[in-house]
Amino acid sequence: MSPLRLLPAILLLLGLAPAPLGAQDATVAVGGYEDGAVRELQRLLARGTYRVLDRDTVLPPTFVHAGDLVVLRADVRLEGTVQGAVAVIDGVLFLRPGSVVAGRIVSLRGEVLPSAHARHGEVLEARAADVRVSRDGSVYQVLTIAPPRQPALVLPGVVGLGMPTYDRVNGASLSGSAEWRILRERRGPTLTPWVAYRSARGELDGGARLRLPLPGGLSAEARAERTTPTNDAWINSTLSNTLFALFAGRDYRNYYASERAQLALLQPDTAVLIAGERALTGRLVLHASRDRSLRATQPWSLFRADSAWRENPPIDEGEIVSAGVGAHLRWQGQTSQFEGDAFVEQGLAGAGDFEFSQATLGGSYTMAGLRQQQLTVSARALLPFGGGSVPRQRWGILGGTGTLPTFAIGSLRGDHLVFVESVFLQPLPWLRLPLSRDPASLQLTHAVGSAWAGDETPDWEQNLGAGLTWSFFEAQVFVDPARRPLEPTFSLGLLLPF
């Protein structure tokens, strides 16, 4: 076959090949509004070692560039190494696993999607409201438009009002807050004062939080407040617990009063994960509090107005001074995912009234099966270690909807807690309920665990459940297989995204 007859095929293959590295002889000039990110871009351009990528491009693992890169109105997937910095102007930069950017990444109305297995420098985002790009020959002119002036005072929620809550200690709680953006920047330092009125106690809680962004994506947080903490928020969401208390007189939490101050160094989790990746972040916390017991009041309940609310157990009143370290892990697989958290707190007897060591662990693993089946295994644990007695305001509870429905709410309590729940879901396409777009699912549940104090021997309890779940709630029948005769317990749960 003659070379001329091969020419159309060659041209076709060239058209289907990955885009080249862009206009290598193009230059970029930036003007208009300036901030720290724009000035960093100007320094990058002044070095004169940059390459412009203005077409969708894949840079393979073998790609190594000794200078800087400018991604301009293009989607670029970096799998190799950039030994300098990268600027993203009205484009997208995907950092694939194994990629390296030795310097900073500057974003002007661009999008940077990092991988947990990629290495890169600090990401600087310009606050420009808009970026206008024009081309004159081989020169790209980039004009940055100043953002509108940010308000100094922001009222979250509905004019600063939070979601009302209801429980057997506080009755109705009405809260409000405001956010003061000290430098009028959305990502800058903020001061957030808040106040809450507790109707059953006729008292006010309140406090303030100061958050400061730090280099490297870290943030520092200081807060001082008088509040009503609980260790049991993991059992049911705040909205779900409020509805159960208000309508059925069932409160799945214990409470105490605390005047406390905290200092924390936080590492936010912002990584976008793909299959096979993980993200690990940490936090350090210094804590000081003066805690006291609260008694249960007798607030009104819609369907159990004449019932007595269960007792709110007393705590070990006194001062706690402690230091803590925590870690948060996320992992993404092809058809499964895991999210877990661990926190270790050490009480300092020389500074407070209690010396103790306690680990709080929690996690959830979800796996998809055939025919849209789903298996979720969740776990929670409180584990004291070393010497010293853990104060009762650090204890946990089991029992009732959300943990072991055949047991009374909070009937298992202690400084040790172990709970594992397995939930299997099988969608039923033929079963659709009114006002629901999604079909119902068969739900099978197995829960096992116990809570105990000190050196007690735990009584391990388990529940088996079967029922239906759909849209925003689930209905199941639970039994304790160790009881004879079996005594079925009906459980209604709320599946709310709050």
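Buried means under 20% relative accessible area, exposed over 50%, and partly exposed in between, with a 1.4 Å probe and protein chains only. The model is predicted, so local features need pLDDT of at least 70 and side-chain atom pairs count only at pLDDT 80 or more, while totals for chains, interfaces and linings use all residues. Residues are numbered from 1 along each chain as its sequence is written, and side-chain values use heavy atoms, with hydrogens and water left out.

**Exercise 1. Helix 3**

Task: State which residues of helix 3 are buried.

Solution. Helices (H or I, at least four residues) and strands (E, at least two) are DSSP runs, numbered from the N terminus. Helix 3 covers residues 238–248. Its buried residues are L239, S240, N241, T242, F244 and A245. After the helix comes G249, with a positive phi near 65°.

**Exercise 2. The whole chain**

Task: Describe the protein chain by its secondary structure, its burial and its pLDDT.

Solution. First, the secondary structure: the chain has 3 helices and 36 strands. Next, burial: of the 498 residues, 42% are buried. Last, pLDDT, the predictor's confidence in each residue, from 0 to 100: the chain averages 87, and 92% of the residues score at least 70. Over residues 6–24 the pLDDT is below 50.

**Exercise 3. Strand 9 and its partners**

Task: Find which strands pair with strand 9, and in what sense.

Solution. Two strands pair if DSSP finds at least two bridges between them. Strand 6 (residues 75–78) runs parallel to strand 9 and is joined to it by 4 bridges; here D75 stands opposite V92. Strand 12 (residues 111–113) also pairs with strand 9 in the parallel sense, over 3 bridges, and F94 stands opposite L113.

Now look at the side chains. In a regular strand they alternate between the two faces of the sheet. In strand 9 (residues 92–95), V92 and F94 lie on one side and L93 and L95 on the other, and all are buried.

**Exercise 4. A hairpin**

Task: Determine in what sense strand 15 and strand 16 pair.

Solution. Strand 15 (residues 130–136) and strand 16 (residues 139–145) are antiparallel, with 7 bridges. The hairpin has 2 residues between the strands, and G137 takes a positive phi near 70°.

**Exercise 5. E40**

Task: Decide whether E40 is buried or exposed, and list what it touches.

Solution. Start with the location: E40 is in helix 2 (residues 36–47). E40 counts as buried because its relative accessibility is 11%. Contact means heavy atoms within 4.5 Å. Leaving out residues up to four places away in sequence, E40 touches R104, V106 and L124. Although E40 and V106 are 66 residues apart along the chain, their C-alpha atoms are separated by 7.3 Å.
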